[in-house]
Amino acid sequence: MPNHAKVDVVVIGAGPAGTVAASYLKKQGYDVTILEKEKFPRFQIGESLLPCCMEHLDESGLLEAVIPKNFQKKTGAAFMRGENRCEFFFSEQFTKGWTWTWQVKRADFDLTLAEATRAKGVAVNFECEVLNVTCSKDKQIVGYKDIDGNKFTIEAKFIIDSSGYGRVLPRLFDLSKPSAFSPRGAIFAHLEDKNRTEKASNNIFVHSFDDNKSWIWAIPFSDGSTSVGVVGNREKIEEMAENGGEKYKNFIREFEDLKGRFKSSKLKWEPKHILGYSVGVKQMYGEGFVLSGNSTEFLDPIFSSGVTFATASGLLSAKMTHKHLQGETVDWKKEYEDVVQGGINVFRSYVSGWYTGDFQTIVFAQQINEEIKNQICSVLAGYVWDQSNPFVKKHDTILSTLAKVIKMKESPKADL
């Protein structure tokens with residue numbers, strides 16, 4: 001590896017956003033290098049994908065590499081609270097698109113994408129930490145070091161930051177801003193899952209409790225294990241994480257709504273936890289660079305939107321970079337940031353609706369209109385840019401309005 005190299009594009013991060021962006025640009029004939037701080041395979045949360053991301057994998061040329069891995073097929077999502085249950089099947093959604101996706105161990109999934117991207121001719125460099133970045137109109141300089149501490153510089157025409165939680169450019173350029181959501185955390189592990197049915201394998205299961213302030217996820221994998229996590233306020237998660245996650249272990253084994261599913265399950269590894277994961281960004285682009293994936297904004301894991309936003313923004317960032325490098329004028333605000341932010345804002349409304357309880361009021365209603373259910377299903381499938389869907393177009397008001405109507409109809413006074 002030369003101490004100073006020149007390429008067309010440097011991509012920071014080898015996760016889904018970075019590999020989708022790099023693979024797409026390689027298809028257009030560019031010389032692309034990825035710098036990734038970690039060694040793959042590595043653990044990552046965000047294990048339940050959405051159907052919309054299949055389109056991004058396909059367009060970037062990565063889908064064919066994932067299919068042979070036989071990850072767990074996911075056909076829908078099930079929400080539960082006490083005796084209430086509501087299942088969404090992607091085959092019944094409003095938007096015409098993919099009707100299934102996968103549930104994946106991210107260590108395997110991300111490594112598959114990285115290896116497929118490298119096979120296309122992209123230089124994928126692991127254990128390389130970006131130290132400094134200097135941007136200008138025509139030339140971007142990235143300084144980094146490898147695992148042995150050797151320092152290098154690489155010159156590029158453009159940079160795509162897909163560094164995820166590392167948030168390299170937001171950190172170096174002071175672009176981060178606090179999230180509007182209350183500080184929350186998650187504690188999770190992989191468990192053996194001998195008690196699940198075949199039907200239970202095809203869905204992510206989400207159990208709401210603690211007056212909608214907390215919830216549990218259960219994400220089944222093809223090897224018979226399941227990811228089980230608890231999300232709640234910071235204090236609850238810190239308490240569950242104490243003493244090696246003892247309270248977490250007891251909770252998931254005894255939680256009534258799980259009906260003993262994990263009562264005697266062995267953990268594959270000790271519980272991990274993260275706190276304060278929600279974060280925003282002041283802007284998604286600047287002279288010589290653009291942000292994609294979790295380098296832009298991460299909301300909450302409740303609707304599994306993380307990987308879909310990563311692949312969507314990774315693909316769009318690559319398309320805009322291609323246009324820019326072809327000498328065309330790019331309106332980064334209108335053509336990129338507003339588009340990405342538009343999808344984020346839709347999911348923001350649904351995340352807010354989850355924690356206020358409006359979402360549960362709708363899906364656990366005594367009767368839910370099938371057309372409404374199918375329109376909501378499209379949002380849950382990741383098609384948050386489909387403006388023909390009223391639950392996308394009117395996302396900022398429609399959940400609270402519909403929840404109020406349902407509460408009025410189901411009120412005992414309504415029968416008088």
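Buried means under 20% relative accessible area, exposed means over 50%, and partly exposed lies in between (1.4 Å probe, protein chains only). Before going on, know that this is a predicted model, in which local features need pLDDT of at least 70 and side-chain atom pairs count only at pLDDT 80 or more, while totals for chains, interfaces and linings use all residues. Residues are numbered from 1 along each chain as its sequence is written, and side-chain values use heavy atoms, with hydrogens and water left out.

**Stop 1: an aromatic pair**

The structure holds 28 aromatic pairs. Rings of Phe, Tyr and Trp (its six-membered ring) pair if their centres lie within 6.5 Å; planes under 30 degrees apart are stacked, over 60 edge-to-face, and the rest tilted.

How many residues apart are the two partners in the chain? They are 275 residues apart: Phe-79 is in strand 5 (residues 76-81) and Trp-354 is in helix 9 (residues 332-356). Helices (H or I, at least four residues) and strands (E, at least two) are DSSP runs, numbered from the N terminus.

**Stop 2: the cores**

Now select Phe-79, Trp-102, Phe-303, Tyr-350, Trp-354 and Phe-359. These have the most contacts inside the largest nonpolar core, which has 110 residues. A nonpolar core is a set of buried Ala, Val, Leu, Ile, Met, Phe, Trp, Tyr and Cys residues joined through side-chain atoms within 4.5 Å. Helix 9 gives the most to this core, with 10 residues. Another core lies apart from it, with 15 residues, among them Ala-189, Leu-191, Val-228 and Ile-252. In soluble globular proteins, nonpolar side chains tend to be buried together.

Zoom in on Phe-359. Setting aside neighbours within four places in sequence, its contacts (heavy atoms within 4.5 Å) include Phe-79, Phe-303, Tyr-350 and Trp-354. Gly-353, Ile-376 and Leu-380 are also in contact with Phe-359.

**Stop 3: a covered strand**

Select strand 14, residues 184-192. Nine of its nine residues are buried. Colour Arg-184, Ala-186, Phe-188, His-190 and Glu-192, which point one way. Then colour Gly-185, Ile-187, Ala-189 and Leu-191, which point the other way. In a regular strand the side chains alternate between the two faces of the sheet.

Which strands pair with strand 14? Strand 17 (residues 225-233) does, in the antiparallel sense over nine bridges. There, Val-230 stands opposite Ile-187. Strand 18 (residues 272-275) also runs antiparallel to strand 14, joined by four bridges. Its Leu-275 is the bridge partner of Gly-185. Two strands pair if DSSP finds at least two bridges between them.

**Stop 4**

Strand 2 (residues 9-12) and strand 3 (residues 32-35) are parallel, over four bridges. Val-11 faces Ile-34 of strand 3.

**Stop 4: Ser-60**

Is Ser-60 buried or exposed? Ser-60 is buried, with a relative accessible area of 0%. Find Ser-60 in the loop between helix 2 (52-59) and helix 3 (63-66). Its side chain reaches the backbone oxygen of His-56 at 3.0 Å. Beyond its neighbours within four places in sequence, Ser-60 contacts Val-20, Ser-23, Tyr-24, Lys-27 and Lys-120.

**Stop 5: backbone exceptions**

Most residues other than glycine have a negative phi, and most peptide bonds are trans. Select Phe-40 and Pro-41: a cis peptide bond joins them, with omega about 0°. Pro-41 lies in the loop between strand 3 and helix 2.

Asp-211 has a positive phi of about 55°. Asp-211 sits in the loop between strand 15 (203-209) and strand 16 (214-220) and is exposed, at 60% relative accessible area. Asn-243 also has a positive phi of about 55°, but lies in helix 7 (residues 234-254). Asn-243 is exposed, with a relative accessible area of 69%.

Definitions and conventions
A polar contact is a pair of N or O atoms within 3.5 Å; within protein, one must be able to donate a hydrogen and the other to accept it, and residues adjacent in sequence count only if both atoms are side-chain atoms.
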